[in-house]
Amino acid sequence: MAKVNLLTIHWGLSYGAIMQTYATSRLLEENGHEVSVINIVPNKERGDYSLLRWVILSPIRFQFWIFKRIHFPNLTKKMRRIDRRMIRISDYNVVGSDQVWNKEITAPIESNFFLDFDDCPKKVSLASSFGKSNWAEDTFYTSKVLSCLKKFTAISVREDTGKRILKEQFGLNSEVLIDPTLAYGRFDDLVLHNTPSSQVYTFFISDKNKYDDIVDHIVKDKNSELMKHSKFSYYFSNGPRNWLTYIKNASYVITDSFHGVAFSLIFQKEFYVLCGDRSKLTRITNLLGRLGLDGRIVDSTEDYDLKKQLFQQPINYQLVNEILMIERERYREFISQHIQ
C-alpha cells in the first residue's frame, strides 16, 4: 500500500469536480492505497464565510462542504497555494482528473498542478485534461511546464487532444484514460432515492437561456415536461447527492456539461447534448466518439429535426457498457502498473 497525495480541482459549486475527486479517491483506495486530498482553493474562489453564514446564506455551498467532509479521505486544511507544511510526506503525488492543466481555470496557481512544489520522486498524472484542443501558451510558461512534466514517472490524459499536445508540444508519450467518474461507475449508494420521473432534467454550465428554444422544441416533440426547482428545493435540495438523484430519476437529460453526459451514461439515460460552439465541446466529442454516440450532439432545432429518426432508437447501452468495461479495466491497470 502506498501513501498518495491527490491534487485535483474540487472547489466551487461544481458537481462534476466534486464527483471526479470522489471517484479518483475511491479508485485509488480500491487498489489498496491511502489517499490524502490536497485541499487547495485559489484566491478567486475565496467565499470566506463562517460555517454559520454558509448554513444561513449559502445552503448549497454548505451541502458541498458537508459532502467533502464525509467523502474526501484525509482532506488537508484549506490553503490558497501549496504549503508543504500542510501536506503529508507521501510515496506518490498524483494530479488529475478534470481540467487540472487548463491555465484559465487553475490560475494563479497553475504551476502547482504540474506538481512543481515537491521533490517526491514518484509523480503521476491520472487522466488529466488541458480542457482545449491546442496549446497556445508563451515560451516561458511552456518551458516551465516541460521541466515539470519531465519529472513525472507516468502520464495519462483524458482526451486524445491531450495526448497530441503532449507529443507535439513537449515530445512526451502518454496514455488516454476515461474520466474517473466513468472508470468508477458505481454511484447508486449516493443517490438519495429511486423514484423514476416522467420529467426531463436539464443541466447547463453555460448560459441556459440561450438554449431555451431548442429545449422547448425537444420537450414539446417528446410530449414531456421539465423538472423545475421550487425556491425551497433550489436552496436546500441542490447538493451533490441531489444532483445525482435528479439525473438517476429523470426520464431523459438535456445538457451541455461533460459530467452531465458522464452521469447520463452511468445511469443509462437517454440524453441530448446541446451545443452552440463545437470547438468548446472537445471533452464531450472525444468521449461520445469513443462510444459511437457523437450523433447525440444537437446544434439547433433544425439539427434535432434532421436526427429525429436516430433519436427514436434508444441508446444501445449493452454496447456502451461493453466499451466502458474495457476502458475501466485500462484505468485500473494504469493505477496498478504505475502506483504500487
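In helix 10, the buried residues are P240, N242, W243, L244, T245, Y246, I247 and N249, where buried means under 20% relative accessible area, exposed over 50%, and partly exposed in between (1.4 Å probe, protein chains only). Helices (H or I, at least four residues) and strands (E, at least two) are DSSP runs, numbered from the N terminus.

The model is predicted: local features need pLDDT of at least 70, side-chain atom pairs count only at pLDDT 80 or more, and totals for chains, interfaces and linings use all residues. Residues are numbered from 1 along each chain as its sequence is written, and side-chain values use heavy atoms, with hydrogens and water left out.

**Exercise 1.** State how far helix 10 is enclosed by the rest of the structure.

Solution. Helix 10 covers residues 240-249. Eight of its ten residues are buried, so helix 10 is largely enclosed by the rest of the structure.

**Exercise 2.** Describe how helix 1 packs on helix 15.

Solution. Step 1: helix 1 spans residues 15-30 and helix 15 spans residues 317-338. Their axes come within 10 Å and cross at roughly 60°; axes are lines fitted to C-alpha atoms, for helices over the stretch in contact, and angles run from 0 to 180 degrees between N-to-C directions.

Step 1: classify the angle. Under 35 degrees counts as roughly parallel, over 145 as roughly antiparallel, 65 to 115 as roughly perpendicular, and the rest as oblique. Helix 1 and helix 15 are therefore oblique to each other.

Step 2: list the contact (heavy atoms within 4.5 Å). Helix 1 contributes T24, L27, L28 and E30, and helix 15 contributes Y331, R332 and I335.

Step 3: sort these residues. Ala, Val, Leu, Ile, Met, Phe, Trp, Tyr, Cys and Pro count as nonpolar, Asp, Glu, Lys and Arg as charged, and the others, Gly among them, as polar. The contact of helix 1 with helix 15 has four nonpolar, one polar and two charged residues.

**Exercise 3.** Repeat the analysis for helix 1 and helix 3.

Solution. Step 1: the axes of helix 1 and helix 3 (residues 59-71) come within 11 Å, crossing at roughly 5°. Helix 1 and helix 3 are therefore roughly parallel to each other.

Step 1: on helix 1 the contact uses Y15, I18, M19, Y22 and R26, and on helix 3 it uses F64, F67, K68 and H71. Six of these residues are nonpolar, one is polar and two are charged.
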